[in-house]
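Open the model in your viewer and switch to a cartoon view. This tour tells you what to select at each stop and what you will find there.

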Amino acid sequence: MQQVLWVGIGCKRGTSWQLIDWAIEQIFRENQLFPSAIAGIATIDTKASEVGLIELCNLRNFPLKTFSAQILSSVCVPNPATITNHKVGTPSVAEAAAILAATQTPLLAASPFTSTEALRVRFLVPKQIFQLQGQPGAVTLAVAQASNII
């Protein structure tokens, strides 16, 4: 199976890899997606050292792509959040990161994006927030499909 799905993730500091993994399983089951199609995880650059994300990527052998708040804020997403904009400087982390990671467009040459159509990406799952009793933190997930697949 081709690995064409990018999982965009936003999370609270201290979110466990188990919660992130569980949330991915839930999203993929509910949307009838195959976990084996995951190409990698995408998030904001300030989460590059988040222990739960690093542990999950190491355990599942997922690459981790990160983007600056400035680049993430240039992506038009279906569910922007004012609180996220105030906290991290972009109205979207999970959705914007999933969309950007799924593109094959070199970021340095990219101009501000106006829609997922301009990026030629299939946006599959809008952001969903997960918490799990007994697990620290919270995670927001979104899924996009790479554009080079018909």
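The stops below run from the whole chain to single residues.

**Stop 1: the whole chain**

Select everything. This is a predicted model. The protein chain has 150 residues, and 44% of them count as buried. Look for six helices and five strands. Trace the chain from the N terminus: the elements come in the order β-α-β-α-β-α-α-α-α-β-β.

The accessible area of the protein chain is about 8,000 Å², and carbon and sulfur atoms hold 52% of it. Then think about contacts across the chain. Take those between residues at least 6 apart in sequence: 67% of them join residues at least 24 apart.

**Stop 2: colour by confidence**

Colour the chain by pLDDT. The mean is 88, and 86% of the residues reach 70 or more. Where does pLDDT stay under 50? Select residues 105–111 for one such stretch, where the model has four contacts beyond four places in sequence. Next select residues 114–119. Here too the pLDDT is below 50, and the stretch has nine contacts beyond near neighbours in sequence.

**Stop 3**

**Stop 3: strand β5**

Select residues 139–145, which form β5. On one side is β4, which pairs with β5 in the antiparallel sense over six bridges. Pick out two residues with bridge partners in β5: Phe130 goes with Val139, and Phe123 goes with Ala144.

Click Gly8 and find its bridge partner in β5, Ala142.

Show the side chains. In a regular strand they alternate between the two faces of the sheet. In β5, Val139, Leu141, Val143 and Gln145 point one way. Thr140, Ala142 and Ala144 point the other way. Residues on both sides are buried.

**Stop 5**

Move on to residues 94–102, helix α5. This helix is mostly covered, with nine of its nine residues buried. Click along it: you pass Ala94, Glu95, Ala96, Ala97 and Ala98, then Ile99, Leu100, Ala101 and Ala102.

**Stop 4: Lys47**

Go to the loop between β2 and α2 and select Lys47. Is this residue buried or exposed? Its relative accessible area is 14%, under the 20% cut-off, so Lys47 counts as buried. Show the atoms around it. A polar atom of the Lys47 side chain lies 2.8 Å from the backbone oxygen of Cys11. Setting aside neighbours within four places in sequence, Lys47 is in contact with Cys11, Lys12, Arg13 and Leu53.

**Stop 5: two positive phi angles**

Select Gln32, in the loop between α1 (17–30) and β2. Its phi is near 55 degrees, a positive value in a residue other than glycine. Gln32 is exposed, with a relative accessible area of 71%.

Finish at Asn61, in the loop between α2 and β3. What is the phi of Asn61? The value is positive, about 60 degrees, although Asn61 is not a glycine. Asn61 is exposed, with a relative accessible area of 69%.

How values were computed: Residues are numbered from 1 along each chain as its sequence is written. This is a predicted model: local features need pLDDT of at least 70, side-chain atom pairs count only at pLDDT 80 or more; totals for chains, interfaces and linings use all residues. Side-chain values use heavy atoms; hydrogens and water are left out. Helices (H or I, at least four residues) and strands (E, at least two) are DSSP runs, numbered from the N terminus. Buried means under 20% relative accessible area, exposed over 50%, partly exposed in between (1.4 Å probe, protein chains only). Contact means heavy atoms within 4.5 Å. Accessible areas come from the Shrake-Rupley method with a 1.4 Å probe; for residues, only the protein chains shown count as cover. Two strands pair if DSSP finds at least two bridges between them. pLDDT is the predictor's confidence in each residue, from 0 to 100. A polar contact is a pair of N or O atoms within 3.5 Å; within protein, one must be able to donate a hydrogen and the other to accept it, and residues adjacent in sequence count only if both atoms are side-chain atoms.
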